Amino acid sequence: MNKDELILLLEEMTISEKVNQLLQLAKPFFKGASDEGEITGPLETMDVSEKVIQETGSVLGAWGASETKSIQKAHLENSRLSIPLLFMADVVHGCKTIFPVPLAMGCSWDLKLAEESAAIAAKEASVSGIHVTFAPMVDLVRDPRWGRVMESTGEDPYLNGLFAEAQVKGYQGKSLREDNMSLAACVKHFAAYGASEAGRDYNTVDISERELRENYLPAYKVALEAGCEMVMTAFNTVHGIPATGNKELMRNLLREEWGFNGVVISDWGAVKELIPHGVAENKREAAEKAILAGVDIEMMTTTYIEHIEELIADGSIQEQLLDEAVLRILQLKEKLGLFENPFRGADESEEAHILLHKEHRNTAKQLAANSCVLLKNEKNALPLKKETKLAVIGPFAESTDLMGPWSWQGSKKDVVTLYSGLKSKEYHASITRSSGCTLTQNDDILLKAALREAEKADVIIMALGEDSEWSGEAGSRTNIQLPEAQVDLIQRMYLTGKPVITVLFNGRPLDLHGVIENTDALVEAWFPGTEGGSAVADILYGDVNPSGKLTMSFPYSSGQIPVYYNHYQTGRPKHAIDAQERYVSQYLDSPNSPRFSFGYGLSYTTFVYEEIKSSKNVLNKEDSLTFTINIKNTGKWEGAEIVQFYIRDISGEVVRPVKELKGFEKIYLKPGEEKKVRFSITEKELRYHHYELDYRSDAGTFEAMIGPNSKEVKTHSFQLIKS
Ligand code: GLC
């Protein structure tokens, strides 16, 4: 149907059919759902009539070709105008084949694999009847106490934007209409949810407009420029008004300034939450503020169906607002081809063939290996020799809890554990495993068994980490260390004097006190997904040379939070040449910089960076400046190196970060091989929001920096002149 035909359809709809089109309900409300009628928990508070359900616009969380088809069929049989349902779900890092959590994927700096993983997730979700995914989540994160850092690609706005674009392209493919193995993407959570105060989920966000525009908004905009079809509102306030009722943010900025005319959906319950937030006295006022802000779909609360009609009747809002919202939803259904084919990609026979396809597992394994970050490797602990006798010790030795939060349809029975990953190498070396303790408790019997295994082994592989429930939504922690029982265990194992190699499975940067001192090597594996154990085994044996680089800083302790690489210098920088002993910006009990910085990650080989060369040292508005650096693999291993390019504006109208990522290149070098890497910059990349938020560059001195991470960089100054 073209837009005119959609408008004709809209004109045929009664006002109650229009209002009900704005509602999204979880699947137990629908006929044909496998759990039809199982209205439990928060669902019980929802009073929705049979008629409302028959006119509802979309379903949350249905899964499976047969179930989604039976729900759609039952719905259309009762739909006066045959308006099909939209099926939406959280396919955030894989559907049946689970990929590494986004914070892990970010550490791969591998945009191509990120796009490929999204395309695979789209295939597996579409064949199971899903049309829209609530991804990518692009919230910038700087506080590892916040459990949802695992869902983001990290602390840098530029890199988050590139990953947002890659995921949108992967999910949506070339055409939602032509390719029914594609998914409409929904960028979230708009906006700045990652800035929740003190890392406590759903907490207040209070940041300046300039901070919002410089760091927190860019990645959402890149996602929308990549064609992302939907936006989900954030739970938090922005400038004192919850995003879901924030007209300035959602209508003036998102729709008018950025020109977004797609569907906006509230987060779960966020419309009604305007009441506890304290900006609505009742559900009527909540509905009024949300619809005025431009929120089209109300997820899992009923303020719209209860009050929109009366708001129109008494002139509080124009019916045109309702019509615009309904039309955007109908247009999305049209884009997905649902009016012609309401079952779209759902196909039981294809489903059996596509889900967990071995090629999908291979991609998941490759991405998981590329997401691992080697944080320490002393005494040549890694890579392992094939004949080495191993004892895999720790609660994650054989844990299947490797998929992390939002692994929804992923099944633990499909997960490759670390122990099975190592065993499957079949290197004919003895490999034993013993938990040594539970996730949180010491246990003498477990400890004694572990010590016995360690005694018989050449090398101890510690497998430690967080329960996946300790991160993700509502997974905030004030203490970001591993549980004491696990720290005790690694200390006991290190005291044996045997080489210790530690693998961490976790959803956030951790305070590594007690861990880093008691291990010769440390691999950050995050929640690596379905193929996690096989990917880590590849890393430990050197079948894959680790190349991952952190995209979120690891603080020494939670006392340092927030600590991030693109910070401002202050008037009393600790490192200044003339810095005083005491009266500088510092802690008395901790370094200023994080334990591991943004961009940090080791390899089994070594790369030497020569000095930066540039074509000239003056840049004007019209042209570009190219920096070249020669990099050589001076080690014994072939490997990938993520070369990072940063810029610093020495002096601005407002303070400027000590460095900002402006480019990177992943290069592959054999031992002895070298390569010239080039980065170009134009005046455009030097622009920023000035005091009055005008976005432009200033003439003056800049520094170009290139290095293997944000701390160890070669520097080269240049001038921007206003020609
Ligand atoms: C949750 C999350 C959001 C998710 C939605 C639907 O509360 O905040 O990210 O997409 O509900 O499950």
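Colleague: How many residues are in the hairpin that joins β26 to β27?

Modeller: The hairpin runs through 6 residues between β26 and β27. Keep in mind that this is a predicted model.

Colleague: How many bridges pair β26 with β27, and in which sense?

Modeller: They pair over 7 bridges in the antiparallel sense, and β27 covers residues 714–721. Thr701 stands opposite Gln719 of β27.

Colleague: Which strand is joined to β26 by 6 bridges?

Modeller: That is β21, residues 639–649, which runs antiparallel to β26, residues 700–707. Tyr646 stands opposite Met705 in β26.

Colleague: Which rings are linked into a cluster with Tyr646?

Modeller: Ring pairs link Tyr646 with Trp109, Tyr565, Phe598 and Phe664. The structure holds 20 aromatic pairs. One of them is Trp109 with Phe598, at 5.7 Å centre to centre with 50 degrees between the planes, and this pair is tilted.

Colleague: What does the pair of Trp109 and Phe598 tie together?

Modeller: Trp109 is in the loop between α5 (102–108) and α6 (111–126), and Phe598 is in the loop between α20 (532–540) and β17 (607–609), so the pair ties together parts 489 residues apart in sequence. Both Trp109 and Phe598 are buried.

Colleague: Why is the pair of Phe190 and Trp258 called edge-to-face?

Modeller: The planes of Phe190 and Trp258 are at 65 degrees, so the pair is edge-to-face, with ring centres 5.7 Å apart. The cut-off for that label is over 60 degrees. Phe190 belongs to strand β5 (residues 184–190) and Trp258 to the loop between α10 (247–257) and β9 (263–265), so this pair ties together parts 68 residues apart in sequence.

Colleague: Are Phe190 and Trp258 buried or exposed?

Modeller: Both Phe190 and Trp258 are buried.

Colleague: Which residue lies over the face of Tyr564?

Modeller: Arg142 does, at 3.7 Å from the ring centre. Arg656 lies over the face of Tyr688, at 3.8 Å from that ring centre.

Colleague: On to the ligand. Which residues are around the ligand?

Modeller: The residues around the ligand are Asp90, Phe134, Arg148, Lys188, His189, Met232, Phe235, Asp267, Trp268, Met299, Trp406 and Glu473.

Colleague: How many Å is a ligand oxygen atom from an N or O atom in the side chain of Asp90?

Modeller: The separation is 2.4 Å for the Asp90 side chain. For an N or O atom in the side chain of Lys188, a ligand oxygen is at 2.9 Å, and for one in the side chain of Glu473 the figure is 3.0 Å. Taken alone the ligand exposes 310 Å², and the protein buries 93% of that.

Colleague: Back to strands. What is the order of the open sheet of 8 strands?

Modeller: The order is β9-β6-β5-β4-β3-β2-β1-β10, with parallel pairing. β9 and β10 (298–299) stand at the edges with a single partner strand each, so one side of each has no neighbour in the sheet. Within this sheet, 3 bridges join β1 (residues 23–26) to β2 (residues 58–60), running parallel. Gln24 has Ser58 in β2 as its bridge partner.

Colleague: Which side chain does Ser128 join in a polar contact of 2.9 Å?

Modeller: The side chain of Glu351. A polar atom of the Ser128 side chain also lies 3.0 Å from the backbone oxygen of Glu124. Ser128 is in the loop between α6 and β4 (132–133), and counts as buried because its relative accessibility is 0%.

Colleague: Now the backbone. Is the peptide bond from Ala135 to Pro136 cis or trans?

Modeller: That bond is cis, with omega near 10 degrees. Pro136 is in the loop between β4 and α7 (157–172). The bond from Ile561 to Pro562 is also cis, with omega near 0 degrees, and Pro562 lies in the loop between α20 and β17. Most peptide bonds are trans, and most residues other than glycine have a negative phi.

Colleague: Is the phi of Trp109 positive or negative?

Modeller: Positive, near 50 degrees, in a residue other than glycine. Ala192 has a positive phi too, of about 65 degrees. Ala192 lies in the loop between β5 and α8 (209–216), and is buried with a relative accessible area of 0%.

Conventions
Residues are numbered from 1 along each chain as its sequence is written. This is a predicted model: local features need pLDDT of at least 70, side-chain atom pairs count only at pLDDT 80 or more; totals for chains, interfaces and linings use all residues. Side-chain values use heavy atoms; hydrogens and water are left out. Rings of Phe, Tyr and Trp (its six-membered ring) pair if their centres lie within 6.5 Å; planes under 30 degrees apart count as stacked, over 60 as edge-to-face and the rest as tilted. Helices (H or I, at least four residues) and strands (E, at least two) are DSSP runs, numbered from the N terminus. Buried means under 20% relative accessible area, exposed over 50%, partly exposed in between (1.4 Å probe, protein chains only). A charge sits over a ring if NZ of Lys or CZ of Arg is within 6 Å of the ring centre and within 35 degrees of the ring normal. Two strands pair if DSSP finds at least two bridges between them. A residue is near a molecule or strand if one of its heavy atoms lies within 4 Å of it. A polar contact is a pair of N or O atoms within 3.5 Å; within protein, one must be able to donate a hydrogen and the other to accept it, and residues adjacent in sequence count only if both atoms are side-chain atoms. Accessible areas come from the Shrake-Rupley method with a 1.4 Å probe; for residues, only the protein chains shown count as cover.
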